[in-house]
Amino acid sequence: MPILPENRERYPADWKLRSHFVRFVRAKGFCEWCAAEHRKPHPITGSKVVLTTAHIYNDEPEACDLLNLRALCQKCHNQHDAERRAQGRKARQEKMSGQTHLEL
């Protein structure tokens with residue numbers, strides 16, 4: 001998952017190093033949940049796997065303790081984040097429905 005520009009400064013200065021360590025040193029290039037291998041076809045979806053670094057217990061960008069980070073394929077990362085993204089969509093829809101057309 002790409003880092004949103006508005007959150008970039010919330011990540012530690014060594015984020016790239018932490019992310020690389022989690023994905024390629026600790027996880028050895030495999031999803032830590034389903035074992036899909038980086039840059040190979042996913043065993044379920046068939047799409048090319050791109051490992052990402054996911055926040056598991058605390059999704060705040062500052063929460064970059066290695067125990068909070070996991071190397072996940074797109075499928076596992078999307079499943080993990082699905083509920084939080086759905087809540088965000090719902091909140092945005094509720095906010096938009098409360099505005100008048102003139103405010104939009």
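The disulfide count in this predicted model comes to 0. A disulfide here is a pair of cysteine sulfur atoms within 2.5 Å. The sulfur of Cys34 has its closest cysteine sulfur in Cys73, 3.7 Å away, which is too far for a bond. Cys73 is likewise in no disulfide, and its nearest cysteine sulfur is that of Cys34. Cys34 is partly exposed, with a relative accessible area of 31%. Cys73 is buried, at 0% relative accessibility. Buried means under 20% relative accessible area, exposed means over 50%, and partly exposed lies in between (1.4 Å probe, protein chains only).

A word on the basis of these values. Residues are numbered from 1 along each chain as its sequence is written, and side-chain values use heavy atoms, with hydrogens and water left out. Because the model is predicted, local features need pLDDT of at least 70 and side-chain atom pairs count only at pLDDT 80 or more, while totals for chains, interfaces and linings use all residues. pLDDT is the predictor's confidence in each residue, from 0 to 100. The chain averages 89, and 90% of the residues score at least 70. Among the elements, β2 has the highest mean pLDDT (98) and helix α2 (residues 74-97) the lowest (82). Helices (H or I, at least four residues) and strands (E, at least two) are DSSP runs, numbered from the N terminus.

Now the strands. β1 (residues 52-55) and β2 (residues 69-72) pair in the antiparallel sense over 4 bridges. Two strands pair if DSSP finds at least two bridges between them. In β1, Thr52 and Ala54 point one way, and Thr53 and His55 point the other way. All of these are buried. In a regular strand the side chains alternate between the two faces of the sheet.

Take His55 in β1. Its relative accessibility is 9%, so His55 counts as buried. His55 stands opposite Leu69 in β2. Contact means heavy atoms within 4.5 Å. Leaving out residues up to four places away in sequence, His55 touches Tyr11, Trp15, Glu60, Pro61, Ala63, Cys64, Asn68, Leu69 and His80.

Trp15 leads on to helix α1 (15-26). The buried residues of α1 are Trp15, Ser19, Val22 and Arg23. They cover an arc of only 80 degrees around the axis, so they sit on the same side of α1. The arc is that of the directions from the helix axis to the C-beta atoms. An α-helix has 3.6 residues a turn, so residues three or four places apart point the same way. What covers the buried residues of α1 includes β1 and β2. Lys16 and Leu17, on the other side of α1, are exposed. Lys28 follows α1 and has a positive phi, near 55 degrees.

Ile44 is in the loop between α1 and β1. Ile44 is exposed, with a relative accessible area of 64%. Its C-alpha is 9.8 Å from that of Cys34, at a sequence separation of 10 residues.

What makes up the largest nonpolar core? Its 9 residues are Cys31, Ala36, Val49, Leu51, Ala54, Ile56, Leu72, Cys73 and Cys76. A nonpolar core is a set of buried Ala, Val, Leu, Ile, Met, Phe, Trp, Tyr and Cys residues joined through side-chain atoms within 4.5 Å. Another core, of 7 residues, lies apart from it; among them are Trp15, Ala27, Cys64 and Ala71. In soluble globular proteins, nonpolar side chains tend to be buried together.
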